[in-house]
Amino acid sequence: MAELPIIVVGAGQAGLQVAESLRRGGYDGSLALIGNEKILPYQRPPLSKQYLSEGMLEDRLLFRSSEYYEKKDIELVLGQHVSALDTSARSLIVDGKTRPYGKLALATGASARPLSVSGSEHEGVCYLRSVDDAKYIRGRLSADPQRVVAIGGGFIGLEVAGSARELGHSVTVIEAQERLMARVVSPLVSEYFRKVYRSRGVDIVLNVAVNRIERSTDGSLIVVLADTRTIPADLVVVGIGSSPHTELAETAGLHCDNGIVVDEFAQTSDPYVVAAGDCTMHKNSRLGIFHRLESVQNAVDQAKIAAMTLLGNQKPYDQVPWFWSDQLGAKLQMAGRSDGFNRTVMRGSMEDGEFSIFYFDDDVLIGVDSVNRPTDHVVSRKLLAAGANVPDQIIVDLEQNLKTLL
Amino acid sequence: MPKVIYIDVDGERHETEVSNGSSVMEGAIANGVEGILAICGGSCACSTCHGYIDDAWIDRVGPPNEIEESTLELALDRRTGSRLTCQIPMRDELDGLVVHVADNDG
Ligand SMILES: Cc1cc2nc3c(=O)[nH]c(=O)nc-3n(C[C@H](O)[C@H](O)[C@H](O)COP(=O)(O)OP(=O)(O)OC[C@H]3O[C@@H](n4cnc5c(N)ncnc54)[C@H](O)[C@@H]3O)c2cc1C
Ligand code: FES
């Protein structure tokens, strides 16, 4: 009997990378990549950026052309949902049909967390995760100036707000926390971006929750805040976080906890199943913590680890996390962590709009956030990976090249 | 449309047309050239679209700008002619450009 295939569920950034790394690692057996979206695997980051603000063509979102999958002998199954996983029989149900696997990779990603207040179901209240979502928003933003409300001041809400503003719409961002991007950047960076948005005419409302969304008599929307303020809107984009797709893993009895739990080798609680990307609660052996990340870096690097594990060539996941976000012309780049620090050192200046904040836990550098200082970002990734000693006086002195510390 | 000749990591030659304004990286992706990964989608943030401009073309392509220069720091095996292909927009002047793809998956 022919060897059973390796199947990858979820044809996004992580799923594609698992397949690609398997081939690259010498696996020449049968390999299927199954996803429930109809379009060829594509990048999500531009959806809130160039795709909205610059009318980027859809073709340019695609990771690879269709010939690529043929050439690599990857059976690409699109538009089909995997509805069940049986780990003891080692089989999947795909569009009602049973498919056996030898080994399995789950790369099911995450979906936008739904807003639960009354009125969330109104037409004009939307989310941004997929190209279909982005197409809808882009369509709405192509009309005359609209009143756009972003609920949630995280990356996605802010990027949509920035893109909509660049297109000339009037924009309000509502954030329940006391600062922007509270989960992922330090208060200094939050405050900097609040000022950037303000100065570009975006209204930022902090510290208040949305109570409900009403439809007014003229058909437009009214966002009602917990303090009874009302904000009229033509379009409401909700970006309040995401929920990992764990349904398949959970019903199969795999260990899940805000994500499919995997060790530093991307191994789930089943020996024949690995997982990677946004769907995982994973261990990073460098940081020594379990966390769930939503980033291209994590999707790609963890997928490579997962592929190696499938090939029986285990290597621990210990990459330095990094992320970027483009907001109203400011390039925010993050390396390492910006939580758990007890002091910070600044390079450059916020007034000039070009600075990096170095986060330390005592003397140990744990992360760096850069705004319009790409060189700092790149060198920081290397400094963090090397565990280098980074003296304050070198950081603050722009004449000093950080590279000399490597 | 101008042509680009990509020599991939396995030495395979891909000759293909790339429309003006598209990047050399996009041309590689659209044509399934092995080794151009481009995980940041051309945001000049990852260096996985690294390639070596053939000696004969280095002058016409020109040097990287400051941002690209810094991202190139992440590239594994930097040499003369190293460029991030997402930062080279195609133009008639570059018709026939030869790019050797770097090992971006190390
Ligand atoms: C608007 C937006 C902007 C972003 N910007 C940035 C950025 O600037 N920088 C950055 O680093 N990251 C950014 N990200 C995050 C990044 O795109 C994600 O971290 C990355 O896409 C995760 O890849 P993934 O493969 O884990 O998940 P996904 O890309 O979500 O892929 C999972 C796929 O699996 C499919 N699937 C799920 N369940 C099943 C099933 N049962 N059967 C079949 N198919 C299934 C899903 O439909 C989906 O297609 C952004 C994300 C969004 C949405
Ligand atoms: S695609 Fe990432 S730097 Fe070129």
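Q: Is Arg79(B) buried, partly exposed or exposed in this predicted model?
A: Relative accessible area sorts residues into buried (under 20%), exposed (over 50%) and partly exposed (in between), using a 1.4 Å probe and protein chains only. Arg79(B) has a relative accessible area of 48%, and therefore the class of Arg79(B) is partly exposed.

Q: Which residue forms a salt bridge with Lys135(A)?
A: The closest N and O atoms of this pair are 3.6 Å apart. Lys135(A) lies in helix H4 (residues 131-141) of chain A and its partner in the loop between helix H2 (50-53) and helix H3 (66-71), so the pair ties together parts that are 77 residues apart in sequence; helices are DSSP runs of H or I with at least four residues, numbered from the N terminus. The partner is Glu58(A).

Q: Is Lys331(A) buried or exposed?
A: The side chain of Lys331(A) meets that of Asp326(A) in a salt bridge of 3.5 Å, N to O, and Asp326(A) is partly exposed at 26%. Lys331(A) has a relative accessibility of 15%, so Lys331(A) counts as buried.

Q: How many salt bridges are there over all chains?
A: Residues are numbered from 1 along each chain as its sequence is written, and chains are lettered from A in the order in which they are written. Local features need pLDDT of at least 70 and side-chain atom pairs pLDDT 80 or more, while totals for chains, interfaces and linings use all residues, and side-chain values use heavy atoms, without hydrogens and water. Over all chains, the count of salt bridges comes to 28.

Notes. Salt bridge = Lys/Arg side-chain N within 4 Å of Asp/Glu carboxyl O. Helix = DSSP H or I, 4+ residues; strand = E, 2+ residues; numbered from the N terminus.
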